[in-house]
Amino acid sequence: MADLRQGGCLCGAARYEINLDGHQTGNCHCTDCQKNSGGPFMTFTSVPEGQLRWISRPEGEARASDKAVRRFCAKCGTPLTWDGGKGNNNNVSTGSLDDPSGLEISYEIFTDSRWATIPPLAGARQYKRDSAGT
Ligand SMILES: [Zn+2]
Ligand SMILES: [Zn+2]
């Protein structure tokens, strides 16, 4: 049985369905995520290609770097996805899931810009930059 769940933005205009089989969840401490969320880090869940489907697509789209597109609800501003192009375009903001229960945060990236007041998450793999070391 696939672990099928739904998620969406605060106002309900943008909705998706995601199959969490083989998912990975991690915290990103990069400065772009700090600005985009207004908090110390963002938590994303990535799934293999083809396992994320929009029920109603968000209209907001922002490009903070040449690497990635961030999609958000243009009505309420909720950050929804981080799209890094081919092979890396199935990352949803974990907090947008209706039910994130049972999701373990297994890694943290861009810890170089972690807030000094936020300690490393126990048991999570730590990467100074991205998990590929780039
Ligand atoms: Zn919305
Ligand atoms: Zn980030």
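Start with the open sheet of three strands, ordered β1-β2-β5 and paired in the antiparallel sense. Strands here are DSSP runs of E of at least two residues, numbered from the N terminus, and two strands pair if DSSP finds at least two bridges between them. Select β1 (4-8) and β5 (52-56): these are the edges, each with a single partner strand, so one side of each has no neighbour in the sheet. Neighbouring strands of this sheet are turned by 25° against each other on average, direction ignored, with axes fitted as lines to C-alpha atoms.

This is a predicted model, in which local features need pLDDT of at least 70 and side-chain atom pairs count only at pLDDT 80 or more, while totals for chains, interfaces and linings use all residues. Residues are numbered from 1 along each chain as its sequence is written, and chains are lettered from A and ligands numbered from 1 in the order in which they are written.

Next, select residues 15-19, strand β2, which pairs with β5 over four antiparallel bridges. Within this pairing, E17 has R53 of β5 as its bridge partner.

Now go to C73. Leaving aside neighbours within four places in sequence, its contacts (C-beta atoms, placed from the backbone, within 7 Å) include C9, C11, P58, G60 and L80.

Finish at K86, in the loop between β8 (79-83) and β9 (91-93). Is K86 buried or exposed? K86 counts as exposed because it has 7 C-beta neighbours inside 10 Å; the cut-off for exposed is 12 or fewer other C-beta atoms within 10 Å of the residue's own, placed from the backbone. From K86, R57 is 29 residues away in sequence and 19 Å away in space, C-alpha to C-alpha.

Methods. Buried ≥ 20, exposed ≤ 12 C-beta atoms within 10 Å, placed from the backbone. Axes fitted to C-alpha atoms, helices over the stretch in contact; angles between N-to-C directions. Contact = placed C-beta atoms within 7 Å.
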